[in-house]
Amino acid sequence: MCQLLGMNCNTPTDIVFSFSGFAQRACEHADGFGIAFFEGRGLRHFVDHLSADNSPVAELIQRYPIQSKQVIAHIRKATQGRVALENCHPFVRELWGHYWVFAHNGNLVDFHPRLHAAFKPVGDTDSERAFCWLMQELAKSHAAMPSVDELTRTLSELMPQVARHGTFNCMLSQGDALWAHCSTHLHHLVRQHPFGVARLQDQDVEVDFAEVTQSGDRVAVIATQPLTVGEPWVAMQPGQLLAFVDGLPRP
């Protein structure tokens with residue numbers, strides 16, 4: 001299955017270290033990759049149908065330290081939908097004047113919800129269908145952008161309806177928060193003062209975060225599998241939904 005990576009911070013932060021380790025896993029997940037960075041209400045969105053370990057787009061991202069408070073990345077191992085640019089995650093839609101970003105790891109069986117004209121898939125993946133349905137149902141439930149807590153309550157009702165059709169590990173963000181839903185495998189980590197040294201699992205690279213952070217910085221990293229050794233990664237439980245705000249998880 002695919003691999004997910006998310007970052008939520010209380011101050012704009014670059015994801016070069018985590019993404020470099022994440023991209024090493026593309027040898028087993030070679031059917032495309034993508035990454036989206038929020039900058040205020042704006043969004044930088046990069047996708048490629050090439051593998052993240054040999055894509056010029058991935059090389060650019062590893063060399064260019066884009067700073068963001070919300071990041072979602074994905075490397076794809078196709079289960080539904082051909083290997084094509086339109087099937088690469090994360091997917092993006094607009095709702096209530098905000099960009100929304102979504103990425104999914106898993107396989108949904110017989111998931112063909114009725115979708116109206118405002119939200120229709122461009123590609124042919126179960127993942128994009130699920131995203132369109134979530135956007136449609138959120139639009140039905142609220143007239144304007146709700147609070148993070150209200151959105152969490154609504155998503156806690158919607159996510160299980162999709163998860164009934166199979167494996168539904170996913171991440172969703174509208175720029176103010178990042179939601180992570182676990183069906184089988186998701187882990188999270190909070191880095192904050194006092195910062196220490198972290199070493200990537202998939203690459204012989206380490207960073208002393210005490211040298212590159214301020215004492216008030218806080219960063220939450222969410223990934224399918226832990227990216228580093230020697231840090232206190234926490235495994236999410238099946239069916240669990242967390243909202244990450246300012247680098248901390250909210251149940």
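Student: What stands opposite His-181 in strand 15?

Tutor: Leu-241 does. Keep in mind that this is a predicted model, where local features need pLDDT of at least 70, side-chain atom pairs count only at pLDDT 80 or more, and totals for chains, interfaces and linings use all residues. Numbering starts from 1 along each chain as its sequence is written, and side-chain values use heavy atoms, with hydrogens and water left out.

Student: How do you know that strand 8 and strand 15 pair?

Tutor: Strands (DSSP runs of E, at least two residues; helices are H or I, at least four; numbered from the N terminus) pair if DSSP finds at least two bridges between them. Strand 8 (residues 178-181) and strand 15 (residues 241-245) have four bridges, antiparallel, so they pair by that rule.

Student: What makes helix 4 count as packed on the sheet?

Tutor: Contact means heavy atoms within 4.5 Å. Helix 4 (residues 148-163) touches strand 6, strand 7, strand 8, strand 15 and strand 16. Its direction makes about 145° with that of strand 15, using axes fitted to C-alpha atoms (for helices over the stretch in contact) and angles from 0 to 180 degrees between N-to-C directions.

Student: Why is strand 6 called mostly covered?

Tutor: Buried means under 20% relative accessible area, exposed over 50%, partly exposed in between (1.4 Å probe, protein chains only). Seven of the eight residues in strand 6 are buried, so the label follows from that cut-off.

Student: And what joins strand 6 to strand 5?

Tutor: Five bridges, with the strands running antiparallel.
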